[in-house]
Amino acid sequence: YDIATYLFLGFCGVSLVHLIFVLFTYTRFAFHKNRPEPLSKIQEPVSIIIAARNESKNLFNNLPFIMEQNYPKFEVIVINHQSLDDSEYILDAYAHQYPNLRIIKVEDSKHLKFGKKLPLTIGIKGAKYENLLLTDADCRPESEQWIASMSKYFTEKKQIVMGYGPYTREKGLLNKAIRFDTAWIAMNYFAFAKTGLPYMGIGRNLGYTKSVFHAAKGFKSHYALSSGDDDLFIQDAAKKKNYTINIEPESFCYSKGSSSWKSWFKQKSRHYTASEKYRVIKKLMLGIYPLTMLIMTTSFVILMFESNFRWLSLAIFSLILIIKWIILGKSFKKLNESKFIAFIPLLDLMYSLLTPLMFYAVDKTDSKKW
């Protein structure tokens, strides 16, 4: 055999691994039905937990959308964590308007970190009800049915509900990059949960019970990190299929994306500090797709200059591209990001190349900031 033959055989092998991975993981989400199992018919009371620091503007704009949810019995606990802005006055004003709003103020102290784990722990321990929903001050539910949609997925067997938190659609390349990145990450963690390998949720739209929180010992295993209150917690808490996903559009919680590339990269770097702590199997599974994608594409490009394997390589690559286009397209449609579907082949390649570069380029040291 000559070098071209070995390259072609390698191309076939990597392509097969890539295709099997896509079929084994993303297909499960692409063909997921919102209600695959019996849902709770009893509207149990719910505690909403919001950790906020210097969020006066967001609290003013978004808190009424939480308080005015169409649900029979719920409380909203806002932990005002060392804020230096007008958050206290805005929260006090809303507390007079909404009797089910509870405010816990954490005084400014140089001995306390600014991360979410302390205020979340305080809020969860002070919650009246067993079922918890977590969101952020900068998030706004898509509908007044957010609590109802998320809470009905709590059953005797399902104590963790992973929701979706997209970003609002705006003009500009940055907004498109943020929305694509968010949708891809969501597709990943939803698909992995469907395969029995849950590795994250998102703190701006996540539900779990107090029992699960205490069984996982809260954030104890990763408390030293400022991030990880959603992904590392899920890896500790999601066991024996006690989790489920919810992608009903009325359950989505929208946020505004970063206003600059610098702030977005900074946000990404905070997330990457937690990914360094992922278990080896999770890292391997998350690395299979971009690695095989890059090797497959590189070897395909080289084989286009080999007349003996050109058309066969083109046929294999095209078949995989079409299969992925269908599966990833259906996944993005479920997340209400259909405008990306036409460009998925190109975006798929760019994302597989840029994500590892971004991971190794950004500063992943824990900043200890909010």
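Helices (H or I, at least four residues) and strands (E, at least two) are taken here as DSSP runs, numbered from the N terminus. The model is predicted, so local features need pLDDT of at least 70 and side-chain atom pairs count only at pLDDT 80 or more, while totals for chains, interfaces and linings use all residues. Residues are numbered from 1 along each chain as its sequence is written, and side-chain values use heavy atoms, with hydrogens and water left out.

Serine 56 counts as buried because its relative accessibility is 16% (buried means under 20% relative accessible area, exposed over 50%, partly exposed in between; 1.4 Å probe, protein chains only). Beyond its neighbours within four places in sequence, serine 56 is in contact (heavy atoms within 4.5 Å) with Asp85, Asp86, Ser87 and Ile90.

Turning to the aromatic rings, the structure holds 33 aromatic pairs. Rings of Phe, Tyr and Trp (its six-membered ring) pair if their centres lie within 6.5 Å; planes under 30 degrees apart count as stacked, over 60 as edge-to-face and the rest as tilted. Phenylalanine 213 and phenylalanine 233 form a tilted pair, with 5.9 Å from centre to centre and 35° between the planes. This pair links distant parts of the chain, 20 residues apart: phenylalanine 213 belongs to helix α8 (residues 210–215) and phenylalanine 233 to helix α9 (residues 231–237). Phenylalanine 213 is buried because its relative accessibility is 2%, and phenylalanine 233 is buried because its value is 0%.

One aromatic cluster includes Phe21, Tyr26, Trp184 and Tyr351.
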